[in-house]
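Dear colleague,

Please find the structure below, with my notes after it. The notes take one chain, then the other, then the place where they meet.

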Amino acid sequence: MYGKGLRALTLATFAAMTATFALVFFYAPLDADQGFIQKIFYVHVPVAIVTLIAYVLGAVFAALHLRTRDRKWDLRSYVVIHIALIFNVLGLLTGAIWAKASWGHWWVWDEPTLVSYLIVFLLFATYQPLRFSIEDPERQARYASVFAIMAGAFVPLNFIAVRAASAYVHPRVLATSEGGMPGEMAFTFLIAIIAMTLLFALLCSYEIAAKQTRWQLRALRRRVLGGEAVAPRGRSAAPALDGPPSRGGGSAPRTARNPAEAPS
Amino acid sequence: MRPSVALLRKDLLLERRAPESIPAMLLFSITTFVLFHFALGRDQVEGQLAAGVLVVTLLFAAILGINRLFVSEQEEGGFDGVLLAPIDRTALLIAKGAALFLFLTLVEVVAVAAFALLLLGPSPWPALPGLLVILVLLNLALATVGTLVSALAIRTRARDLIVPMVALPLLVPALIGAARGAAPLFAAGGAEALPTKWLAVLALYDLVFGLLAYAVFDFLLED
């Protein structure tokens, strides 16, 4: 019952990735300046763009979680940030390789996009430790959502500040003032962004389906074998989807509200 | 507004009866200046270096205060008191933010003087008005973000680890604004004009996180 449309999404992602790499290697022209190494641009930039959008999306899902109190939004926020963090590492690595190849250093401080990308990584890297250090699943979800909203708002703010702080800004590859990229490059780049977005969506869908299936399996086991047969949930940074042992549903709503807790 | 004032008075009274955060932050700042003297191998600093030393020291000193901000609430049941009282929960945010702001201001009065005596090369007097503006904006940023992070971390298992891990990256834009903004004030040839670009960055940061803190603080106080 979970993972509807996963097969179609998988095939679409596979096709888009294949098309991207075919275009990158056989269609897009060599950069006059940087030569072959410039092709990493078709991986690095889409990865970076998808990462930053995903962080903001994680904040939107977190806000929806705080509004609706529906655990599914917390799960989505968690998964989106989780996969975005992996993309972030990938983006930093490809960025470092590109910097080494074209500027001669593994790291350059006067490239504001790269620097703010690192700071955003340092902030979001604390998302999992924060979740892990809160045991109560309900509070964990709530606090993680507050953090995700703060961090999501931080992404554009940080970019503005870091960009203002760099002494000179490198010419943008996408700069429109000087005419920008030739058509073949722009087309390849567009396909690369679509492919990377599909890959991101696919990974998120797989993780969500896996988490839901695992909790569904726990609930079924509990119903068939009894509450004692299933080990209690250990400490985890991942969102909990099942209710207390006696209920055994897929995604249980919150229970027993504290009397001191007025709905705000 | 009255609940905020009452809560703020409680915090100030606590700090006066049993001084904890302010002396710690102050000693930490002065010790850090001594450490910088040896680490940098310089008797006097000026320009960007001076601004960086001052702002980073204040930032780390603030982390000490942020760590302690909600400890009395957590240990003595202050959270329950606020939740049981018929007041808006934002009152606690305002009171705690104001308390942190005042603590930081008091610390800076002494720490900046100590910095001028111990490390600063050029005369501090021409820099003072500009520095005042920057420090007010920086304190606002530290107070809002600090209150949020402190409330976020207080009921986790690893409070003292979570606070610096979360707060330091979050405060990077504020540090950029304050350190770059204060640099021309400490220029070797006498204070230069205050760059408005950095004041704008700091003010934008204060505004965004102020609104954000107002929007999400309630959710940290629900149980």
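A residue is called buried if 20 or more other C-beta atoms lie within 10 Å of its own, exposed if 12 or fewer, and partly exposed in between, with the C-beta atoms placed from the backbone. Helices (H or I, at least four residues) and strands (E, at least two) are DSSP runs, numbered from the N terminus. The model is predicted: local features need pLDDT of at least 70 and side-chain atom pairs count only at pLDDT 80 or more, while totals for chains, interfaces and linings use all residues. Residues are numbered from 1 along each chain as its sequence is written, and chains are lettered from A and ligands numbered from 1 in the order in which they are written.

Chain A

Chain A has seven helices and zero strands, in the order α-α-α-α-α-α-α. Of its 264 residues, 36% are buried. Two residues are in contact if their C-beta atoms, placed from the backbone, lie within 7 Å. Among the contacts in chain A with a separation of 6 or more, 76% are between residues 24 or more positions apart.

Helix α2(A), residues 41–68, has 28 residues. From first C-alpha to last it reaches 40 Å, close to the 40 Å expected at 1.5 Å a residue (the expected span is 1.5 Å times one less than the number of residues). Because 20 of its 28 residues are buried, α2(A) is largely enclosed by the rest of the structure. R69(A) follows α2(A) and has a positive phi, near 65°.

Chain B

M25(B) sits in helix α2 of chain B, residues 21–40. It counts as buried because it has 24 C-beta neighbours inside 10 Å. Beyond its neighbours within four places in sequence, M25(B) is in contact with A61(B), L64(B), G65(B), F103(B) and V107(B).

Axes here are lines fitted to C-alpha atoms, for helices over the stretch in contact, and angles run from 0 to 180 degrees between N-to-C directions. Angles under 35 degrees count as roughly parallel, over 145 as roughly antiparallel, 65 to 115 as roughly perpendicular and the rest as oblique.

The axes of α6(B), residues 90–118, and α7(B) come within 8 Å and cross at roughly 135°, so the two helices are oblique to each other. The contact residues include L93(B), L100(B) and L104(B) of α6(B), and L135(B), L142(B) and A143(B) of α7(B). By class, this contact has eight nonpolar, six polar and two charged residues (Ala, Val, Leu, Ile, Met, Phe, Trp, Tyr, Cys and Pro count as nonpolar, Asp, Glu, Lys and Arg as charged, and the others, Gly among them, as polar).

The axes of α7(B) and α9(B) are 10 Å apart, at an angle of about 175°, which means that α7(B) is roughly antiparallel to α9(B). L131(B), I134(B), L138(B) and A141(B) of α7(B) meet A174(B), A178(B), G181(B) and A182(B) of α9(B). Seven of these residues are nonpolar, one is polar and none is charged.

Where the chains meet

29 residues of chain B are in contact with 29 residues of chain A. On the chain B side, α5 (78–84), α7 (128–153), α8 (159–170), α9 (172–182) and α10 (196–216) each supply at least two residues. α10(B) gives the most, with six residues. That side of chain B has 20 nonpolar, two polar and seven charged residues.

Regards
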